[in-house]
Amino acid sequence: MRTRNLYDPASRDPYPLSRSKVELFLQCPRCFYLDRRSGIGRIDGPPYTLNLAVDALLKREFDAYRLRGEAHPIMTMYGVDAVPFRHKDFLEWRDGKGMHVFHAPTRFDVFGIIDDLWVNEKGEILIVDYKATSTIADISIDGRDSYKRQIEFYQWLFRQHDFSVSDTGYFLFANAVKDRDLFDRQLEFTMQILPYEGKDGWVDDALRGAFDVLQEDLPPPSTESCEWCGYRREARDIEN
């Protein structure tokens, strides 16, 4: 059970709320409440160390083009008329504390850490999210609502700081090839860019909804579709 960074309804101080916790609220308000009010979070899965390695290498590669002010070849291949974005605070947004916004109605210090930003000829920021996978199926974001909300959340964050942000964001997929004859101590990847037209109008309502839930003395009812709540119910029934 966690005891740090729990939400206190009586406090008037800004409360830090990350993008992943907002996503948790959208998935299951009860799990969100138990996590933020009681310190009873979902059990963390194993770290995605290979995914993190791919992220680190992609960031280093795109930084080389960022310094030169040139488009990466994969951007040109997919017709993305943009270059990696340069800004004095870019590394803070990506590798540091992230982009922060104070949401006055809830007193939330809302924040998120981006993967990359590109900028088009209009001066509009394009939110970019890296995804590592390994599949022989066609890559698609259909049904990947959490992926879509991730792009939209970052679009909202940067708009709150008066950046000109395009509705179009991009997913950059690195897909590990599995049909090689030998491993030979290396993985090969194909890369693919998928555009996504984001709509961030839900963010403010989600923050207000999360605030209302946290103000309550008791957690909201279980969400029927939540596997974690289902596990708790079944465990409780057996124990009783």
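Predicted model: local features only at pLDDT ≥ 70, side-chain atom pairs only at ≥ 80, totals over all residues.
Student: Hi! How many disulfides does the count come to?

Tutor: Zero, taking a disulfide as a pair of cysteine sulfur atoms within 2.5 Å. Take Cys-226: the nearest cysteine sulfur belongs to Cys-31 and is 3.6 Å away.

Student: And what is the closest cysteine sulfur to that of Cys-229?

Tutor: That one is in Cys-28, at 3.5 Å, so the two sulfurs are too far apart for a bond.

Student: Are Cys-226 and Cys-229 buried or exposed?

Tutor: Cys-226 is buried, at a relative accessible area of 7%. Cys-229 also counts as buried, with 1% relative accessibility.

Student: Switching to pockets: what volume does the largest one have?

Tutor: About 1500 Å³. It is lined by 40 residues, and those closest to its centre are Arg-19, Ser-20, Tyr-48, Lys-131 and Gln-150.

Student: Which element gives the largest share of that lining?

Tutor: α1 does, with six residues. Elements supplying at least two residues each include α2, α3, β6 and α6.

Student: How do the residues of that lining divide?

Tutor: Into 16 nonpolar, nine polar and 15 charged.

Student: Nice. What about the second largest pocket, what is its volume?

Tutor: That pocket has about 280 Å³. Its lining has 15 residues, with Leu-50, Val-54, Ala-132, Leu-187 and Phe-189 closest to the centre.

Student: Where does the largest share of the lining of the second largest pocket come from?

Tutor: From α3, which gives seven residues. β6, β7 and β8 are among the elements that supply at least two each. By type, the lining of this second largest pocket has 11 nonpolar residues, three polar and one charged.

Definitions and conventions:
Residues numbered from 1 in each chain as written. Heavy atoms only, no water. Buried < 20%, exposed > 50% of the residue type's maximum accessible area, 1.4 Å probe, protein only. 1 Å grid on protein atoms, 1.4 Å probe; cavity = no way out; pocket = protein on both sides within 12 Å on 5 of 7 lines; lining within 4 Å. Points joined across faces, edges and corners; volume = space filled by probe spheres on them. Helix = DSSP H or I, 4+ residues; strand = E, 2+ residues; numbered from the N terminus. Nonpolar A, V, L, I, M, F, W, Y, C, P; charged D, E, K, R; others polar.
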